[in-house]
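Welcome! Here is a short briefing to read alongside the sequence and the 3D view.

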Amino acid sequence: MPPIHLVRPEIRAERAYRVPTTLAAHAKVDQNESPYDLPDEVKRAALDAFAATPWNRYPDDRPHRLVAALEEANGLGAGSVIVGRGSNELTHTLGLCFLDADTPVVLPSPMFALWASVARMHGAKVVDVPAEKDLRHDPDAILSAARRSAAPLTIVTTPNNPTGQTIDHVDLERLAAGVPGVLVIDEAYHEFLDGPTSIDLLAEHDNVIVMRTFSKAFGLAGVRLGAMMGHPDLIQEIEKSRLPFLVGRLGEEVGLAILDRSDLVAERVAELKAERESLETWLAGLDGVEVLPGRANFFLVRTPLAPADLIREMAERGVLIRDVTGYPALAGADGRPGWSRISVGAPDENRVVRAALADVLGVAVS
């Protein structure tokens with residue numbers, strides 16, 4: 001019998017984060033990915049640059065060129081950015097830096113499940129702030145929880161996964177000024193919003209950390225790149241906890257290549273926002289269907305079917321969507337079924353999604 005009892009109890013109490021992934025679908029709209037791959041010429045440029053480097057030598061300890069490019073693109077000073085292997089890896093970095101046994105961390109719910117899992121694995125005490133009935137996170141409740149618990153870490157996401165709801169910029173400013181510790185703002189889906197970014201807060205608030213990812217609007221989920229931005233003094237301390245060489249030369253070259261194509265990203269984001277609005281409007285017009293409009297590249301839907309049945313029926317028609325009833329707030333109550341999440345695909349995929357949903361729900365495709 002292996003010595004499993006030696007594993008820390010906080011780890012044994014968690015479930016491994018597993019997401020079955022397959023490309024064998026007519027429409028894969030279950031993981032909030034971009035439906036668009038990088039153009040071949042962008043891929044070739046990044047691969048050629050990578051091929052020209054020596055593969056037998058270590059890369060830089062940090063991807064310094066990509067860091068500098070992100071600092072310039074966001075108007076930040078030197079030392080303000082960390083680039084990691086996806087924002088998920090940086091989530092663990094924050095846990096290592098700020099959380100210890102019984103350390104309070106404020107986490108509104110529902111929110112991306114990995115945040116709470118990381119907190120628990122570090123032995124932290126999760127201070128839950130449940131969403132309002134409309135599934136929006138209440139800034140006043142978050143601020144009250146942070147002050148009451150004296151939490152060194154308060155984490156918010158906008159737009160929020162899995163609900164697609166946002167926190168207004170003025171409320172983010174209030175949180176930055178009012179929390180007793182560090183305010184982490186997860187902006188994984190910011191490119192789908194209009195208006196200011198939380199990065200604007202960094203000039204006035206040295207306790208703010210902003211998280212970004214290359215996996216959504218930039219279409220690099222398969223490459224694994226994420227960024228953390230904050231005051232250089234704070235970033236320097238966080239850097240101490242990170243292993244060197246986490247981001248290799250290829251990832252850096254791909255990141256630099258897509259940063260140079262802001263026009264392409266903007267064009268694709270505009271199309272996805274229009275497709276999202278079209279899908280939401282169509283679904284909301286169906287009898288017995290409720291839509292929670294999103295501000296990212298996904299939205300929630302509730303139909304007369306239980307989510308497990310809806311997802312099974314859709315999968316049988318070659319369409320993958322996500323069951324989000326693992327979040328208690330989305331599980332359904334009072335005789336109403338829970339919610340499912342649908343990512344927005346390219347126009348061809350979305351036509352397949354409509355046809356499959358119409359077939360499952362017994363309605364005509366308009």
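A search of the whole structure finds one cavity of 30 Å³ or more, and the largest cavity has a volume of about 50 Å³. This is a predicted model, in which local features need pLDDT of at least 70 and side-chain atom pairs count only at pLDDT 80 or more, while totals for chains, interfaces and linings use all residues. Residues are numbered from 1 along each chain as its sequence is written, and side-chain values use heavy atoms, with hydrogens and water left out.

**The cavity**

- A cavity is a set of points on a 1 Å grid over the protein atoms alone where a 1.4 Å probe fits but cannot get out, and lining residues have an atom within 4 Å of a point.
- Grid points are joined across faces, edges and corners, and the volume is the space filled by probe spheres set on the points.
- Among the residues lining the largest cavity are Thr-91, Leu-94, Val-105, Leu-107, Trp-115, Val-118, Leu-153 and Ile-155.
- Helix H4 (86–98), S3, H5 and S5 are the elements that give two or more residues to this lining; helices (H or I, at least four residues) and strands (E, at least two) are DSSP runs, numbered from the N terminus.

**Strands and their partners**

- Strand S8 (residues 226–229) points Gly-226 and Met-228 one way and Ala-227 and Met-229 the other way, and all are buried (buried means under 20% relative accessible area, exposed over 50%, and partly exposed in between, with a 1.4 Å probe and protein chains only).
- Strand S2 (residues 81–84) runs antiparallel to S8, joined by four bridges, and Val-81 stands opposite Met-229; two strands pair if DSSP finds at least two bridges between them.
- Strand S7 (residues 208–213) is also antiparallel to S8, again with four bridges, and here Met-211 stands opposite Met-228.
- Elsewhere, four strands form an open sheet in the order S9-S10-S13-S12, with antiparallel pairing.
- Strand S9 (290–292) and strand S12 (322–323) each have a single partner strand, so they stand at the edges and one side of each is left without a neighbour in the sheet.
- Three bridges pair S9 with strand S10 (residues 298–302) in the antiparallel sense, and Val-291 has Val-301 as its bridge partner in S10.

**Backbone details in the loops**

- The peptide bond from Ser-109 to Pro-110 is cis, with omega near -5°, and Pro-110 sits in the loop between strand S3 (104–109) and helix H5 (113–121).
- Thr-158 and Pro-159 are also joined by a cis peptide bond, with omega about -10°; Pro-159 lies between strand S5 (153–157) and helix H7 (169–178).
- Leu-135 is not a glycine, yet has a positive phi of about 70°, in the loop between strand S4 (125–130) and helix H6 (139–149).
- Leu-135 counts as buried because its relative accessibility is 8%.
- Phe-245, also not a glycine, has a positive phi of about 65° and is found in the loop between helix H8 (232–239) and helix H9 (249–259).
- With a relative accessible area of 34%, Phe-245 is partly exposed.

**A nonpolar patch on the surface**

- Met-1, Ile-4, Val-7 and Ile-11 form a nonpolar surface patch, with about 400 Å² of accessible area together.
- Ile-4 belongs to the segment before helix H1 (9–12) and counts as partly exposed because its relative accessibility is 38%.
- Patches are made of residues with over 30% relative accessible area and no salt bridge, with nonpolar side chains (Val, Leu, Ile, Met, Phe, Trp, Tyr) joined within 5 Å and like charges within 9 Å.
- Accessible areas come from the Shrake-Rupley method with a 1.4 Å probe, and for residues only the protein chains shown count as cover.
- A salt bridge is a side-chain nitrogen of Lys or Arg within 4 Å of a carboxyl oxygen of Asp or Glu.

Note on methods: 1 Å grid on protein atoms, 1.4 Å probe; cavity = no way out; pocket = protein on both sides within 12 Å on 5 of 7 lines; lining within 4 Å.
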